[in-house]
Amino acid sequence: MAFDKIKPPISLSILVLFGLILLLLQLMSSATQESSELSAMYSWLLLVNALGSVVLLGLVGANIYSLARQLKKREAGSRLTTRMVSLFVVLALAPAAIVFYFSMQFLHQGIDSWFNVEIDRAMEDALELSQASLDQRMRWHLRQTQQLTAKLVESSETLATLEMENLRELSGASEMTLFSRQGRIIASSSINPGDILPSLPDEHTWLQLRQNAEYVALAPVREDELMIRVIVTVKGKEPQYLQALYPVPVRIADLADSVEFAFVRYQEMHFLRHSLKLSFSLALSLVLLMSLLAAIWVAFISIRNIVAPVKALVKGTQAVASGHYDQELPVMAQDDLGFLVESFNEMTHRIARASDETRMAGIEVENQRAYLETILANLTAGVISFDAEHKIRTANQAAYRIFHIHVNQFVGRTLLELVQSYAELAEPLKSIQRLLEQADDIWQQRIAFLGSNGRQELLCRGTPLFSQEGLRVGAVVVFDDVTDLIQAQKNAAWGEVARRLAHEIKNPLTPIQLSAERLQHKLADKLTAVDAEMLQRSTTTIVQQVEAMKEMVDDFSEYAKPSKKQTVDIDLPGLVQEVLALYALKSGVKFKADYDTGLLMIKGDPVSIRQVLHNLIKNALEAIDAKGLIEISLHRVQKNNTDFIEIALYDDGPGIKDEQIEQIFEPYVTTKVKGTGLGLAIVKKIIEEHGGAIWVDTSRKVGAGFIIQLPACNF
Amino acid sequence: MHASVSNKSSFCHALLYCCLVWLLPALSYADTFGVEVKNAEIATQGNSYVLSADMDYRLSARAKEALQNGVPLYWDIHIKTLQHRGYLWDKTLVNTSVRYRIQYHALLNMYRVRNEGSRELYNFSTLSAALDSMSTLRNFRVLDKALYESGERYAVGIKVTLDRDALPLPLRPIAYTNPQWYLSSDWTLWPLTK
């Protein structure tokens, strides 16, 4: 962040770069002007510009490479960047190429147009003219000098020295010198008295002089001063040489100089024509290359900056599409794209909020559902819901407890399908199914059936469910196992009956008995022997029957009276052994006992339990007519997470008829000739008082079987 | 596979051939132009050591053509005196140069040589005479005797260069790339002894 702050803005860097490039190019352009001071730096500038181009080329190359890699990876925004860059390059390249082409054309034609045959000829002619003019002057001076020699022929050296000044002034020469044959200076005269030493001809001149006897040539004395040097032979005994230096008039010298300068310049240009073209082309190409490369590089940077938010948007959109709503993109600029990014951020915020709310609502619903499910699961009543086709949708734990089948596992199936797997439940299931199909309103029905635990009675209430449009969408059936409740009601009713009977019947019995005995006592002596005997018999019958009735009434009251139990820990095997020992002497009856190992303890009233065993064994003995086998087994079983001790008692008698099974535990139900029909009723009462259950084992086909389950005592 | 290999090798051969063809002229001309320091002599004159040397200027066709067309050529004769130091680079005691300009004058049909230092002018009707005038260096003072320390090793170096940056502007890029313009000599060193 701090780095961002101190980083100069990119536009400034670009401006600086462009300025630098322009400066370099301008410098190079100035350097091409020969007169410029920069011309000495031309080579360096060329090199620097070329290096700059190479660097820019490298930058552009690196950008292209990175773009190509992004394209290959299909990175977000890479295609847009490629398209924009290509467009820019084409747009920039096309006009630049056209301008470049025509510039080159104009350049070459322009340079070529400087040179043509006429100018060539004119230049050469001008030079020749100058040369001819100078030549003429030289020849004239030669002739003049030759004429002067006549005066020096055969004159002594002294005379010559005197004559020299004269001759010089006469001829108009600036310097005149007489040399001996060996090159010794004999006499000399100069227009400039300060010049002590005359200008000496060089070896080359001497050589020429000896060959031709005369010499005439232009001698550049100083940079811009021309002299005509004439040397002629002075004929005589001893030949001498006269050298005269004639100044070329300033005007002519200037003209000749100017012509020469122009000619040389022209020659040079002509010679450099190709180099010039090459050099200009080079400069032009460099300018073009550099500006194009710089433009492309800057295009890359700016396009990258433009595409950056788009790229971020694409990435953000992808993230949102894959479910990550916590996208916050940085807003880089306050333009349209910035606005787009801001809108995107706001959108993702809203989506995130909505998604959170949905999730919270989902959790809430789920909590509610779980809560309801918990309540349903813990209801004692079984609840099964059905859909429109009467298929099970849900069922709670209680339904399983009541039916002893996992109704949950039959979700999606109808009750009739359940019937096939659980034949013993056929009756209630079919009834419920029928009611579901028929009922249009809330219904209630009591359904009794024989379950695995004996006779069961269900109270079913059904409610059809309707949609808001009034269509039937299913039903809910709630059912309670009311077996125990009804049994309790029955027991209470029978208890009341028994108590009343005992009260109403027992009261008159004693007077009846006393009255009969009194009749016997009073009348026995007064009657005949026959009559007395009959009276005796009748009285005895009355007394016996009254006794029997008393007994019966006692049984009733026994049955009806509330139990007064003393609960202690009972070791069942011991108790059973104790009871069996009383019957062991009976001949013809075999007892078979089978106990689980370990403690088989219950909590209860030992007197009552003993009575239960007595009643059952007595029943069995009566059933088998004192001949046969009686089996007693004690097992530890587990039901609904509670330990029970199961006492099973079987005989091999004639068994119990199916129609009697249902009512066998009710009072006054008996198959025996003798008996009050209260034995099993009392047994059932005691067992239920101990929190247990008793039922007829219907699965046994031989003889009769009773199964008692009593809660085990846990240590 | 074989075809591609042979193609590849033939391509390589072609490339090599091209290089050779391009280089051959340069190789063959390598000996025919350029400046060479022929001999040098170090003598004592008064209080100084003086150097006399002879150089040989051989111009390439391209350089001659340029000269004929009025392009002036600038030559620098670099002279330096070095003191050897075993542990460091050599110490330069004297570093000086003599600069000449040679130009063709069309009007006079002459070659003019100018000593840029002394501004002396010489005219020659032939190129070889003009070049000869630049090729002798006589009694050039290279070191004071007082500076000579016995036990030290000294050397005098001489090198002649064509100043390519003094050429007309359009010619410079070519001068830097065309071997025809590589006329400068290398350093030639002589030991300086008492």
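Leaving aside residues up to four places away in sequence, I102(B) touches L67(B), P72(B), L73(B), Y111(B), V113(B), A130(B) and M134(B). Touching, or contact, means that the C-beta atoms of two residues, placed from the backbone, lie within 7 Å. The model is predicted: local features need pLDDT of at least 70, side-chain atom pairs count only at pLDDT 80 or more, and totals for chains, interfaces and linings use all residues. Residues are numbered from 1 along each chain as its sequence is written, while chains are lettered from A and ligands numbered from 1 in the order in which they are written.

I102(B) belongs to the largest nonpolar core, which has 49 residues. Such a core is a set of buried Ala, Val, Leu, Ile, Met, Phe, Trp, Tyr and Cys residues joined through C-beta atoms within 7 Å. A residue is buried if 20 or more other C-beta atoms lie within 10 Å of its own, exposed if 12 or fewer, and partly exposed in between; these atoms too are placed from the backbone. Along with I102(B), the residues W75(B), M134(B) and V142(B) touch the most other members. The largest share of this core, six residues, comes from α8(A). Another core, of 41 residues, lies apart from it and includes I602(A), V683(A), A704(A) and I708(A). In soluble globular proteins, nonpolar side chains tend to be buried together.

Chain B contains four helices and nine strands. Helices (H or I, at least four residues) and strands (E, at least two) are DSSP runs, numbered from the N terminus. Of the 194 residues in chain B, 26% are buried. Among its contacts with a separation of 6 or more, 60% join residues 24 or more positions apart.

Six strands of chain B form an open sheet, in the order β6-β5-β4-β3-β8-β9, with antiparallel pairing. Two strands pair if DSSP finds at least two bridges between them. At the edges stand β6 (121-124) and β9 (188-192) of chain B, each pairing on one side only. From one strand to the next, the twist averages 20°. Six bridges link β4 (residues 91-105) and β5 (residues 110-115) of chain B in the antiparallel sense. Here H105(B) stands opposite M110(B) in β5(B). Helix α3 (residues 127-134) of chain B packs on the sheet and touches β3 (73-83), β4, β5 and β6 of chain B; its direction makes about 10° with that of β5(B). Axes are lines fitted to C-alpha atoms, for helices over the stretch in contact, and angles run from 0 to 180 degrees between N-to-C directions.

The contact between the chains takes 27 residues from chain A and 20 residues from chain B. On the chain A side, two or more residues each come from α3 (42-72), α5 (117-149), β3 (214-222), α8 (250-271) and α9 (273-321) of chain A. The largest share of that side, eight residues, comes from α8(A).

Helix α5(A) has 33 residues and should span 48 Å at 1.5 Å a residue; its end C-alpha atoms are 47 Å apart, which agrees. The expected span is 1.5 Å times one less than the number of residues. Buried in α5(A) are L127(A), S130(A), H141(A), T145(A) and L148(A). The buried residues of α5(A) pack against α6 (157-171), β4 (225-234), β5 (240-247) and α8 of chain A.
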